[in-house]
Amino acid sequence: MTATTPPGYADTKTSQLKRLRRVEGQVRGLQRMIDEDAYCIDVLTQVSAATRALEAVALSLLEEHLAHCVRDAIAHGGDEADAKIKEASAAIARLLRS
């Protein structure tokens, strides 16, 4: 992506930010639960929910990256296409390891 090329999520930026703010609220809720000595299992349940929400954001961003950035690089071909495919594969591997 160059400085003048918008990111793959440009069209969904507002909804992505909304989802991330929701995750941020979940994390603040977790902090409050710990501060108030909530039951361990209840905290773990909320950690799981926050993790799933963040993973959903990551998958959405990955999908948009593939549909926009990688697709455009493949259309141009050459080294740019190879680099974007390698970059996407590395991102997928990171998501699977997390």
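## Salt bridges

D72 and R71 are joined by a salt bridge, in which the closest N and O atoms are 3.7 Å apart; the term stands for a side-chain nitrogen of Lys or Arg within 4 Å of a carboxyl oxygen of Asp or Glu. This is a predicted model, so local features need pLDDT of at least 70 and side-chain atom pairs count only at pLDDT 80 or more, while totals for chains, interfaces and linings use all residues. Residues are numbered from 1 along each chain as its sequence is written, and side-chain values use heavy atoms, with hydrogens and water left out.

A search of the whole structure finds three salt bridges. In one of them the side chains of R28 and E24 meet, with 3.4 Å from N to O, and in another K84 pairs with E87, where the closest N and O atoms are 3.5 Å apart.

## How the paired residues are placed

R28 and E24 both belong to helix α1 and are four residues apart, about one turn of the helix, where a helix is a DSSP run (H or I, at least four residues) numbered from the N terminus. K84 and E87 both lie in helix α3, three residues apart, which is again about one turn. An α-helix has 3.6 residues a turn, so residues three or four places apart point the same way.

Which of these residues are buried and which are partly exposed? K84 counts as buried because its relative accessibility is 13%, whereas E87, at 39%, counts as partly exposed; buried means under 20% relative accessible area, exposed over 50%, and partly exposed in between (1.4 Å probe, protein chains only). R28 is partly exposed, with a relative accessible area of 42%, and E24 is partly exposed at 44%. D72 is also partly exposed, with a value of 29%.

## Helix α1

Helix α1 covers residues 13-35. Its 23 residues should span 33 Å at 1.5 Å a residue, and because its end C-alpha atoms are 33 Å apart, the two values agree; the expected span is 1.5 Å times one less than the number of residues. Within α1, the residues Q16, V23, G29, L30 and M33 are buried, and α2 is included in what covers them. Just after this helix, D37 takes a positive phi of about 55 degrees.

## Helix α2

Helix α2 runs over residues 40-76. From its first C-alpha to its last, this helix of 37 residues reaches 52 Å, which is close to the 54 Å expected at 1.5 Å a residue. At H65, α2 bends by about 35 degrees, the bend being the angle between axes fitted to the seven residues ending there and the seven starting there. Just after α2, G77 takes a positive phi of about 75 degrees.

The buried residues of α2 include V43, V57, L62, H65 and V70, and the buried residues of this helix pack against α1 and α3 (78-97), with contact meaning heavy atoms within 4.5 Å.

Definitions and conventions
Helices (H or I, at least four residues) and strands (E, at least two) are DSSP runs, numbered from the N terminus.
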